[in-house]
Amino acid sequence: MASIDAQLRLLIPGKVSEDDKLVEYDALLLDRFLDILEDLHGDDIKQTVKELYEHSADYEGGNHDPKKLEDLGNILINLDPGDSIVVAKSFSHMLNLANSAEEVQIANRRRIKLKKGDFADENSATTESDIEETLKKLVTQMGNSPEEVFDALKNQTVDLVFTAHPTQSVRRSLLQKHGRIRDCLSQLYAKDITPDDKQELEEALQREIQAAYRTDEIRRTPPTPQDEMRAGMSYFYETIWKGVPKFLRRLDTALKNLGINDRVPYIQRTTHSVFFMDGRRPGWKSKGYTGSHMRCVLIG
């Protein structure tokens with residue numbers, strides 16, 4: 001059968017830019033994961049997962065041939081229950097790795113385009129618009145003056161609402177591991193990387209991929225009010241504290257490039273945060289949670 005790299009190329013558009021490393025990122029992560037899978041579950045499981053992956057690529061690249069889909073179904077039907085669980089978990093992990101590779105690619109494309117003075121195409125699936133591009137479109141394409149854009153920014157707010165019922169079912173520890181995988185991947189392809197640094201990053205990437213695979217993806221016990229408070233506050237520690245200041249600095253830079261020398265006033269509250277953790281979640285009372293538990297949540 002063809003290599004993972006060759007099969008991946010069947011799943012993407014025929015034309016990609018010279019700076020597009022998405023296939024390279026995907027192939028690296030999947031090859032590392034398949035090696036880990038072989039160490040943990042043996043060569044038979046590895047070959048089964050690889051065969052299923054390659055049949056899927058053949059189906060996508062072969063104009064959805066029903067015969068290829070039938071071959072894929074036959075492999076799945078003949079798996080025993082234990083192997084089916086391992087295969088399903090493997091594909092779930094492979095999809096997470098593919099998402100990580102795409103996020104690194106988006107960031108890489110953005111940096112390259114900004115260096116070239118070329119902005120991302122908002123209609124492209126592998127890029128996303130940035131602040132400066134959006135503000136320029138408001139002026140050049142929609143006929144607004146820079147002053148009108150600035151006044152609108154000063155008079156609008158973003159309200160971030162955190163509830164006691166988060167829809168994010170993935171465990172926080174797993175999200176952190178995928179974040180470290182993205183960090184390793186982005187550093188691994190730096191132009192000025194030394195051989196020693198590359199070896200250390202490859203080893204770290206291997207560890208994080210294995211750690212993510214061996215981490216249970218979902219909670220097995222219902223969270224307590226304190227657990228939900230910690231989960232809600234983690235967004236502040238890991239995302240908002242870093243993201244909001246960075247966003248505001250980029251907003252100031254984008255305004256300056258539009259010819260606005262003023263800045264959004266520091267006393268202007270552009271971002272608000274609201275928490276809903278009132279202790280009335282269905283089932284909490286039956287579990288014995290009382291007002292004292294909520295006081296612990298509020299005090300932190």
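Select Ser 145 to start: the residue sits in the loop between α6 (131–140) and α7 (146–154). Helices here are DSSP runs of H or I with at least four residues, strands are E runs of at least two, and numbering goes from the N terminus. This is a predicted model, in which local features need pLDDT of at least 70, side-chain atom pairs count only at pLDDT 80 or more, and totals for chains, interfaces and linings use all residues. Residues are numbered from 1 along each chain as its sequence is written, and side-chain values use heavy atoms, with hydrogens and water left out.

Stay on Ser 145. It counts as partly exposed because its relative accessibility is 25%. Buried means under 20% relative accessible area, exposed means over 50%, and partly exposed is in between (1.4 Å probe, protein chains only).

Next, select Val 149, in helix α7. With 6% relative accessibility, Val 149 counts as buried. Show its neighbours: Val 149 touches Leu 135, Leu 138, Val 139 and Asn 144, leaving aside residues up to four places away in sequence. Contact means heavy atoms within 4.5 Å. Lys 136 is 13 residues from Val 149 along the chain, and their C-alpha atoms are 9.7 Å apart.

Move to helix α2 (residues 22–41) and colour it together with helix α9 (residues 195–213). Their axes come within 10 Å and cross at roughly 60 degrees. That makes α2 oblique to α9. Axes are lines fitted to C-alpha atoms, for helices over the stretch in contact, and angles run from 0 to 180 degrees between N-to-C directions. Angles under 35 degrees count as roughly parallel, over 145 as roughly antiparallel, 65 to 115 as roughly perpendicular, and the rest as oblique.

From α2, pick Leu 28, Leu 29, Arg 32, Phe 33, Ile 36, Leu 37, Leu 40 and His 41; from α9, pick Glu 202, Leu 205, Gln 206, Ile 209, Gln 210 and Tyr 213. By class, the contact of α2 with α9 holds nine nonpolar, three polar and two charged residues. Ala, Val, Leu, Ile, Met, Phe, Trp, Tyr, Cys and Pro count as nonpolar, Asp, Glu, Lys and Arg as charged, and the others, Gly among them, as polar.

Keep α2 and bring in helix α8 (residues 172–188). The axes lie 12 Å apart, at an angle of about 125 degrees. That makes α2 oblique to α8. Here too, α2 passes α8 in a right-handed crossing. Tyr 25, Leu 28 and Leu 29 of α2 meet Ile 181, Leu 185 and Leu 188 of α8. The contact of α2 with α8 has six nonpolar, no polar and no charged residues.

Select Leu 30, Leu 34, Asp 35, Leu 37, Glu 38 and His 41 in α2, then Asp 43, Ile 45, Lys 46, Val 49, Lys 50 and Tyr 53 in α3. These divide into six nonpolar, one polar and five charged residues.

Finally, zoom out. The protein chain has eleven helices and two strands. Of its 300 residues, 32% count as buried.

Conventions
A crossing is left-handed if the near helix is turned anticlockwise from the far one by less than a right angle, and right-handed if clockwise.
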